[in-house]
Amino acid sequence: MTEKELRKKAMALPLQPGVYIMKNKDRKIIYIGKAKKLKNRVSSYFGSHTNHSLKVIRMVENVDDFDYILCDSEFEALVLECSLIKQHQPKYNILLKDDKGYNYIKITKEAFPRIRECKQMDDDQASYIGPYTSNFSVKQAVEETLRIFKLPRCNKKFPRDYGKSRPCLNGFMGICAAPCAGRIKQEEYAHNVEDAIAFLKGGSVKAVKEMQEQMLELSENLKFEEAAKLRDRIKAIKNLEEKQKVVSINVPEEDVFALVNTNKKACFEVIRFEHGKLTDTEYWLIDSVDDLVQSRFELIERYYSMRSRIPSRIAVDGEIADEQLLKEFLESRRGKKVEFIHPQKGEHLSIVNMCISNANEHLAQQQGRLGREIAALEELKELLGLSKIPEYIESYDISHTFGADNVAGMVVFHNGRPLKSAYKRFSIKGFDGQNDVGSMQEVLTRRFNHYYNDEEGSTFKVLPDLILLDGGEPQVNAVLPVVRAMGLNVPVYGMVKDNKHRTRAIAVSGGEIEINSHRRVFTLVSQIQEEVHRFAVTYHHKKHKKSSLSTSLTKIEGIGDAKARVLLKHFKTITAIKNASVDEMMQIPGISEKNAHHVFNFYHKM
């Protein structure tokens, strides 16, 4: 069907709840959605695409027909939509791949047994503890056990490598018994492994109680060295428990969600708590989303369609579309009450922030960046109220000496780092004299003329997500009309310094935004402001030096700008020109004998 025919069909739909199913020309389902009023929702796809994202436009371009199923309520439509998406996995729906399998703890069968985590049981005579659904919990349990019972993590084989090398760093730190250096006998090693297995199966409370009883018995029998080992082991367990309290909450169970979005990718992060302790973390890297509020709804719905445990409390990093409907859906699956919280302070906010930090770190790793850089951009986005993370930032500064040799520098920060290959320099051409505001207008006009007129491949063809000007409100107010007149929607802000030339605030049209209390933003903006200032001043000094030299030469009779440049190009410095003979100067094309005499006489006046 044509888009006109599809719209006509959509306009004939009833104004009641239901599920719509978009299909391509091969009759394959490419998108499934729900609607409170089918007619309004489905018809919005066909017609004007002004408010549609690129992803929606592409989806609509591939729609050849659609089906629909009427429902009695929006809740019923949501349940049906969830079921159909799980069944058909449509291309244009937000999907979460469920690759969460079972996890085991493996105890190898050898002279010096090893304890490891693994994904499946093999027919290798090893012992296995499990299965567990949480890979995070298994990794954490194995790591704690190896540390407490001082078991090796290396790939060395014992007894083959027993006593044949110096201990590694773990041995020096006292968190490995170092069989490689012969520090522990096989019998004692085997006893430690047995205790470690009992610890894994029984938990820390039971293990500590048994170890305390053994320690007292050994002390009474005057076996103080062995008792001291148990004392250290008990202390190690308690130290780990104290560290775990840092990531604990005062509620029986809670899931924490964060969705961090960039221009190309988004990260959906989940942290799960049971009995007040962090028990699992999961994340998915997905395509960039267009609507954070709607996407949170869809992602949380998809997540719980894959997981059986739904907690009594769910903390989220932002607003959720149709939150009451989603709450009703989860309560129907759980059979009990579910509460959504949007923390503003306290321990719950710190856990949400931790979830956001983890998401930033995963995005940063995917992009080859550091987590703190992505976190700073996310913080800047929130502070300025931007629609997306400003991955590509351009910054401008003007430099001159009392209005002479006006220049501008443009620097680019991509994903929080300088992109020097995209830096640009501008020599102000429109006027002489000191006029920073007019200079900014000229530079931005020229920059966006390049955007429209340059050939593909030019860095000017990249449209910035944010422009930061070195200056306050006057510069912002001068540049905003230029950007709008070019038909562009690029956010423009200024960077304000205090009386000690340190970054103080971000200027907007109509005021300022203080950034001192936002550590990551303050560091990033300060770095940008220092870099653009350095770049502009360096260019100005170079031009001013050349201008000063040229000016001294042009005072000589018969030497204008062109001949001054020729002399400087040949001799490089004024000192070399002063020391040159008439004959040497005459060898330069364009310099006559008369010119050479005038220059020589100028610098050798008696």
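Me: Which residues in α4 meet Phe297, Glu301, Arg302 and Ser305 in α9?
Reply: This is a predicted model, in which local features need pLDDT of at least 70 and side-chain atom pairs count only at pLDDT 80 or more, whereas totals for chains, interfaces and linings use all residues. Residues are numbered from 1 along each chain as its sequence is written, and side-chain values use heavy atoms, with hydrogens and water left out. Helices (H or I, at least four residues) and strands (E, at least two) are DSSP runs numbered from the N terminus. With contact taken as heavy atoms within 4.5 Å, the α4 residues that meet those four in α9 are Leu78, Glu81, Cys82, Ile85 and Lys86.

Me: Why is α4 called roughly perpendicular to α9, and at what angle do they pack?
Reply: Axes are lines fitted to C-alpha atoms, for helices over the stretch in contact, and angles run from 0 to 180 degrees between N-to-C directions. Angles under 35 degrees count as roughly parallel, over 145 as roughly antiparallel, 65 to 115 as roughly perpendicular and the rest as oblique. The axes of α4 (residues 74-88) and α9 (residues 292-306) lie 11 Å apart, at an angle of about 65 degrees. That makes α4 roughly perpendicular to α9, the packing angle being about 65 degrees.

Me: How many charged residues does the contact of α4 with α9 have?
Reply: Ala, Val, Leu, Ile, Met, Phe, Trp, Tyr, Cys and Pro count as nonpolar, Asp, Glu, Lys and Arg as charged, and the others, Gly among them, as polar. On this basis the contact of α4 with α9 has 4 nonpolar residues and 1 polar, and the number of charged ones is 4.

Me: Which residues in α10 does α4 meet?
Reply: Helix α10 (residues 323-334) packs against α4 at an angle of about 65 degrees, with the axes 10 Å apart. On the α4 side the residues are Glu74, Phe75, Leu78, Val79 and Cys82, and in α10 they meet Leu325, Glu328, Phe329 and Ser332.
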